[in-house]
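Here are my notes on this model, as numbered points. Please read them beside the coordinates.

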Amino acid sequence: YFTPYIVAQVCEYMDPKGAAKIGKSLRHDYMGDVAVNGDPKVTARIGDFMEVELIVSVVRGMVKREFFMKLGEIADVLNENHLKNVMLKMNDDNAILQVGIHMKDEAKIIRLSKAWASGTRNYVLAELKKMNHPLAEKI
């Protein structure tokens, strides 16, 4: 048994496509632990080769554990179209809000917000306004 930290370090030296193939056989909560311990760029490169439904499942587990900062770091570097599809399938407005406010790439989150359902957009906008968050003026 390898700890998530060790697996995350090994992933840095693996072909992303091969790592994604192995990742599909792992428990989703374990994959979340690997993501938390890994370099967001490496995690995103591997994620680009994974099915959206699998990523959504892993993200849901990470959301339950409130790993929003790490999710924001990964979202910043994940392929934008892939991220859009994950956000659309999440069906969790608060998760989208939390990941969005932890992203550093404001332009990316603004572009992504255009694809959200109106209910999600309204929720995120209302919450951003409550926080006096600068994104409230941009979304």
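1. Start with α9. Its buried residues pack against α6 (68–77), α7 (80–90), α8 (93–101) and α10. Contact here means heavy atoms within 4.5 Å. Helix α9 itself covers residues 106–113, and its buried members are Lys108, Ile109, Ile110, Leu112 and Ser113. Buried means under 20% relative accessible area, exposed over 50%, and partly exposed in between (1.4 Å probe, protein chains only).

2. A word on the basis. This is a predicted model, in which local features need pLDDT of at least 70, side-chain atom pairs count only at pLDDT 80 or more, and totals for chains, interfaces and linings use all residues. Residues are numbered from 1 along each chain as its sequence is written, and side-chain values use heavy atoms, with hydrogens and water left out.

3. Next, Thr120. This residue sits in helix α10, residues 118–130. Thr120 counts as buried because its relative accessibility is 10%. Beyond the neighbours within four places in sequence, Thr120 touches Asp93 and Ile96.

4. Now a loop position. Lys24 lies in the loop between α2 (16–23) and α3 (28–37). Its relative accessible area is 42%, so Lys24 is partly exposed. Setting aside neighbours within four places in sequence, Lys24 is in contact with Phe49, Met50, Glu51 and Leu54. For Lys24 and Met50, the C-alpha atoms are 7.7 Å apart, with a sequence separation of 26 residues.

5. The fold is helical in its elements: the protein chain has 10 helices and 0 strands. Helices (H or I, at least four residues) and strands (E, at least two) are DSSP runs, numbered from the N terminus.

6. Which residues account for 81% of the contacts with a separation of 6 or more? In the protein chain, that share belongs to residues 24 or more positions apart.

7. Along the principal axes, the C-alpha atoms fill a box of roughly 45 × 25 × 20 Å. Of the 139 residues, 45% are buried.

8. Last, the surface. The protein chain exposes about 7,800 Å², and carbon and sulfur atoms supply 54% of that area. Accessible areas come from the Shrake-Rupley method with a 1.4 Å probe; for residues, only the protein chains shown count as cover.
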